[in-house]
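Subject: The structure for you to look at

Hi,

Here is the structure I said I'd pass on. Have it open while you read, and my notes on what turned up follow below.

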There are 2 protein chains.
Amino acid sequence: MSWEETSESVCQIACALALVGDRWTLLIMREISMGVKRFEDLQMQTGMSSHLLALRLKRMEEDGLLVRRPYRERPPRFEYDSTRKGQELDAVLLALRNWGLHWEVSSLGDTPSISMTDKASGGNIDGNWQIPQSGRPFTFNDVEIALHPTFVAERQTRTDAFHAKKLRKATRTKR
Amino acid sequence: MSWEETSESVCQIACALALVGDRWTLLIMREISMGVKRFEDLQMQTGMSSHLLALRLKRMEEDGLLVRRPYRERPPRFEYDSTRKGQELDAVLLALRNWGLHWEVSSLGDTPSISMTDKASGGNIDGNWQIPQSGRPFTFNDVEIALHPTFVAERQTRTDAFHAKKLRKATRTKR
């Protein structure tokens, strides 16, 4: 059975996996849910090649997870925003995060890289299984997020490395 | 940034994705949570090649998601069971399923391929955002599952196709 056949299964888990079942799609959704929406910034923080990122964003647009908007005309530059369908994948990201916290999969142990405060109750969503029960699907809009300083530093390192690489490329081209 | 570097992020989402962030791992976990534990049955229902499946199961064992047990000596045959760490990925599967139901990603629309009844409350978990709040992470152990007849038929088709292919192979070898 090829992957295409998997997506033709009647099982919602299989079909959902066909849409989002790889690391990149959910990593892109994490960035967009955090407010990172521009192509170059997405490239920076996911570490994807521009070719792969462009292909994936196109696919995600076709699947109804994202919409694309120009934010500059010359040269043309785009930003991406999640649709409601895309936003509701936040529940999957939250389940992954809670699992990762409980099993301490990152070097931060049980300290969240992204701490979340429920806007409605003011409570911290830092446990392993707490999911706000608002009567509608969870999205990052329901929470205030704050990044752990180590995660902020990690992201800055990525930004710096990206710009340094770009500069080296530009310098080489000029020679 | 390569995938290996992603898994070195401090972000629990990124690290969790490094462990489970592809279609196959979660599809295997779905099968195991449904009680399908033998190598050949896993191969049948995921459609993975035996080589790929063996590699993936080994990796999942190393990551502490599964344990392997022999169930026959000659020829040696193995079955797999989820650890508690692996079981708790059921919350991710449930989030994916609920998202898939809400957005009707399968041909069954908003009818679940796997309907779930909460053992504690007797309630049906067929909504889009209901996750049993038992005070501990959700696992499939908390629910009784029932497969939709279309999903049962789909699985039988896979089983039949697998055996037919094996028989053709055996016949060719004999000639």
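In strand E2 of chain A, Glu79(A) is the bridge partner of Arg69(A). That pair belongs to an antiparallel pairing of strand E1 (residues 66-72) with strand E2 (residues 77-82) of chain A, which runs over six bridges. Four residues sit between E1(A) and E2(A), and the two strands form a hairpin. One thing to keep in mind from here on is that this is a predicted model.

Chain B has a hairpin too, made by E1(B) and E2(B) with four residues between them. Its strands, E1 (residues 66-72) and E2 (residues 77-82) of chain B, pair in the antiparallel sense over six bridges.

Now zoom out to chain A as a whole. Its secondary structure comes to eight helices and four strands. Read from the N terminus, the order of the elements is α-α-α-α-α-β-β-α-α-β-β-α. Chain A has 175 residues, and 49% of them count as buried. Taking the contacts in chain A between residues at least 6 apart in sequence, 56% join residues at least 24 apart.

For a closer look at one helix, go to H4 of chain A, residues 39-46. Its buried residues are Leu42(A), Gln43(A), Met44(A), Gln45(A) and Thr46(A). After H4(A) comes Gly47(A), with a positive phi near 75°.

How are the two chains related? A rotation of 180°, with 0.0 Å of shift along its axis, superposes chain A on chain B with an RMSD of 0.0 Å. That is the relation of a two-fold axis. To find the axis in chain A, look for Asp22(A): its C-alpha is the nearest to the axis, at 2.0 Å.

The contact between the chains takes 59 residues from chain A and 59 residues from chain B. Of the interface residues of chain A, 100% are also interface residues in chain B, so the copies meet through the same surface. Between them the two chains bury about 5,300 Å², with 71% of it on carbon and sulfur atoms. On the chain A side, Val10(A), Gln12(A) and Trp99(A) lose the most area to chain B, together 15% of what that side buries.

Is Ser9(B) buried or exposed? With a relative accessible area of 3%, Ser9(B) is buried, because anything under 20% counts as that. Its side chain makes a polar contact with the side chain of Glu154(A), at 2.5 Å. The side chain of Ser9(B) also reaches the backbone nitrogen of Cys11(B), at 3.0 Å. Setting aside neighbours within four places in sequence, Ser9(B) is in contact with Ser106(A), Phe151(A), Glu154(A) and Arg158(A) from chain A, and with Ala14(B) and Cys15(B) from its own chain.

Then there are the cysteines. How many disulfides does the structure hold? Over all chains, the number is zero. Cys15(A) counts as buried, at 3% relative accessibility. In chain B, Cys15(B) is in no disulfide either, and the nearest cysteine sulfur, in Cys11(B), is 7.1 Å away. Cys15(B) is buried as well, with a relative accessible area of 3%.

Last stop is Val152(B), in helix H8 (residues 149-174) of chain B. Val152(B) is partly exposed, with a relative accessible area of 43%. Compare its position with that of Ser107(B): they are 45 residues apart along the chain, and their C-alpha atoms are separated by 14 Å.

Cheers

Technical notes
Residues are numbered from 1 along each chain as its sequence is written. Chains are lettered from A and ligands numbered from 1 in the order in which they are written. This is a predicted model: local features need pLDDT of at least 70, side-chain atom pairs count only at pLDDT 80 or more; totals for chains, interfaces and linings use all residues. Side-chain values use heavy atoms; hydrogens and water are left out. Buried means under 20% relative accessible area, exposed over 50%, partly exposed in between (1.4 Å probe, protein chains only). Copies are superposed by least squares on the C-alpha atoms of residues with pLDDT of at least 70 in both. Contact means heavy atoms within 4.5 Å. A disulfide is a pair of cysteine sulfur atoms within 2.5 Å. Two strands pair if DSSP finds at least two bridges between them. A polar contact is a pair of N or O atoms within 3.5 Å; within protein, one must be able to donate a hydrogen and the other to accept it, and residues adjacent in sequence count only if both atoms are side-chain atoms. Buried area is the accessible area (1.4 Å probe) that two parts lose on being put together, summed over both.
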